[in-house]
Amino acid sequence: MQFGNEYKKLIKIAIPVIISQLGHITVGVADSMMLGKLGGLELAASTIGFSLFFPFMMFGIGLSYGLSPLIAKADGENKPEKIKGILYHGLWLNLSFGVAISIFLWFLTSFLEFFNVPGEILPLTFDYFTWMAISMVPVMFFQVNKQFAEGFGITKFAMTISLTGNLLNIFLNYILIFGKFGFQPMGVEGAAIATFISRIYMALVIGIYIYLNIRLKSYYNQLSTVIFEWKELKSLSRISFPIGFQLILEAGAFGFTAIMAGWIGTNEIAAHQIALNLAAITYMAATGLSAAATVRVGNELGKLDYSTMKKAGSSAFVMVGLFMCINAIIFIGLRFYLPTLYINDQKIITISSALLLITAFFQLSDGIQCVGLGNLRGLGDVKIPSFITFLAYWILGIPIGYILAFKFNLGIEGIWYGLLIGLSVAAVLLMFRFYFKTKEIVNKNSSHFKTY
């Protein structure tokens with residue numbers, strides 16, 4: 001089997017996933033671009049609100065990620081009964097936590113002042129965060145069904161739903177933020193309401209799609225025959241929770257950098273959000289390749305085809321490396337132009353352009369660590385990668401960023417140098433972990449090894 005064929009398979013799965021994954025971050029990008037037209041205070045308020053919400057959303061998304069590798073492996077083993085059990089317990093786990101996270105975030109709105117949010121933007125942040133909190137339930141319903149389908153390599157439908165959902169979000173932003181078609185201008189709160197409505201739409205449409213898809217519907221129709229078992233829920237949780245913690249550790253690190261940026265000043269918060277938005281676009285694209293790698297690696301593991309399994313993971317590393325290098329060149333070349341898409345304030349544009357230069361340098365590391373996590377999820381290896389994520393961001397990245405920013409007086413750039421160091425460490429360790437694990441699997445199962 002040639003690597004070229006593996007690239008084609010990864011691309012076929014990855015492109016729809018990339019577009020779908022961009023949907024999560026495009027909401028924040030659209031909000032930032034449109035609120036930036038109102039001024040720095042509105043942009044800063046949405047930045048703090050989204051930064052506090054994002055880690056919890058990523059934790060929920062991480063819980064749903066546990067479905068894809070398990071379903072891909074069961075599909076490779078041709079075990080439909082096992083797939084039904086995974087879906088049943090996955091729905092129970094993800095929807096329960098969607099409600100729990102939403103309730104927790106609702107109560108958290110009363111404690112925003114304890115995060116040292118600047119007083120002038122606190123009311124705006126409260127309005128934004130409240131609506132984002134209650135959007136978690138539709139997010140989780142969408143995600144659990146999206147990951148269920150992606151376990152079979154079915155990805156295009158989620159892409160379509162994400163595209164139309166984001167178009168709806170942008171249209172509603174225009175109406176509610178600026179007050180069009182008879183509506184009163186609602187500013188920051190309008191952006192959050194638009195996001196909530198678009199997520200309700202995505203949850204409804206994906207439910208309709210599942211109902212109309214014969215293959216996926218057949219599993220839902222048989223869920224009544226599945227018996228709830230704590231043993232099965234625990235088995236799923238052993239995969240889902242470490243993935244959720246991986247994502248909350250990473251998203252939480254980036255979210256905490258926004259809080260640290262707030263300790264420096266409002267302009268720094270706004271500039272931080274612009275650079276982070278742009279970096280998040282390329283990162284979410286990399287997560288599409290990561291998801292494709294999870295499916296490919298998991299499916300070949302289920303077939304006991306260890307040679308193709310390793311090729312799939314290696315191909316994903318090569319593809320994301322090339323993609324992120326191209327992004328780095330774009331960020332360097334357009335670092336003075338891209339911030340103008342968000343805001344007209346020259347001070348904020350200048351700060352943003354400096355951050356985009358640092359962003360360019362960590363593109364490769366960001367892509368490699370992202371795909372490394374995806375490859376390892378396909379192998380069912382999630383605990384050690386979670387520790388690597390914790391080490392890279394919270395033991396190294398955040399403390400180093402704090403020291404550089406506030407002890408060496410590098411300001412907001414010091415915070416981003418810390419991110420660069422953390423991402424680089426994660427990339428090296430996760431790549432090493434993947435090749436170590438594949439070698440270990442081959443050695444343990446040499447009698448099943450296939451060569452081509």
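Residues are numbered from 1 along each chain as its sequence is written, and side-chain values use heavy atoms, with hydrogens and water left out. Because the model is predicted, local features need pLDDT of at least 70 and side-chain atom pairs count only at pLDDT 80 or more, while totals for chains, interfaces and linings use all residues.

**View 1. The largest pocket and its lining.** The largest pocket holds about 520 Å³ of space. A pocket here is an open set of points on a 1 Å grid over the protein atoms alone, where a 1.4 Å probe fits, with protein on both sides within 12 Å along at least five of seven lines; lining residues have an atom within 4 Å of a point. Look for Leu-70, Lys-82, Ile-86, Glu-232 and Ser-235, which lie nearest the centre among the 25 lining residues. Two or more lining residues come from each of helix H3 (67-76), helix H4 (80-108), helix H10 (230-264) and helix H14 (363-378); helices are DSSP runs (H or I, at least four residues), numbered from the N terminus. H4 gives the largest share, six residues. By type, the lining has ten nonpolar, six polar and nine charged residues.

**View 2. Asn-78, between H3 and H4.** Asn-78 sits in the loop that joins these two helices. Its phi is positive, about 60°, although Asn-78 is not a glycine. With 65% relative accessibility, Asn-78 counts as exposed (over 50%; buried is under 20%, and partly exposed in between, with a 1.4 Å probe and protein chains only).

**View 3. Leu-304, between H11 and H12.** The loop between helix H11 (266-302) and helix H12 (306-333) contains Leu-304. This residue, also not a glycine, has a positive phi of about 65°. Leu-304 is partly exposed, at 32% relative accessibility.

**View 4. A nonpolar patch on the surface.** Trp-263, Ile-264, Tyr-402, Ile-403, Phe-408, Leu-410 and Tyr-417 make up this patch, with about 640 Å² of accessible area together. Patch residues have over 30% relative accessible area and no salt bridge (a Lys or Arg side-chain nitrogen within 4 Å of an Asp or Glu carboxyl oxygen), and nonpolar side chains are joined within 5 Å. H10 and helix H15 (383-407) each give two or more residues to the patch. Leu-410 lies in the loop between H15 and helix H16 (411-444), and is partly exposed at 39%.

Notes. Points joined across faces, edges and corners; volume = space filled by probe spheres on them. Nonpolar A, V, L, I, M, F, W, Y, C, P; charged D, E, K, R; others polar. Patch = residues over 30% accessible without salt bridge, like charges linked within 9 Å, V, L, I, M, F, W, Y side chains within 5 Å. Areas by Shrake-Rupley, 256 points an atom, 1.4 Å probe, with all protein chains shown as cover.
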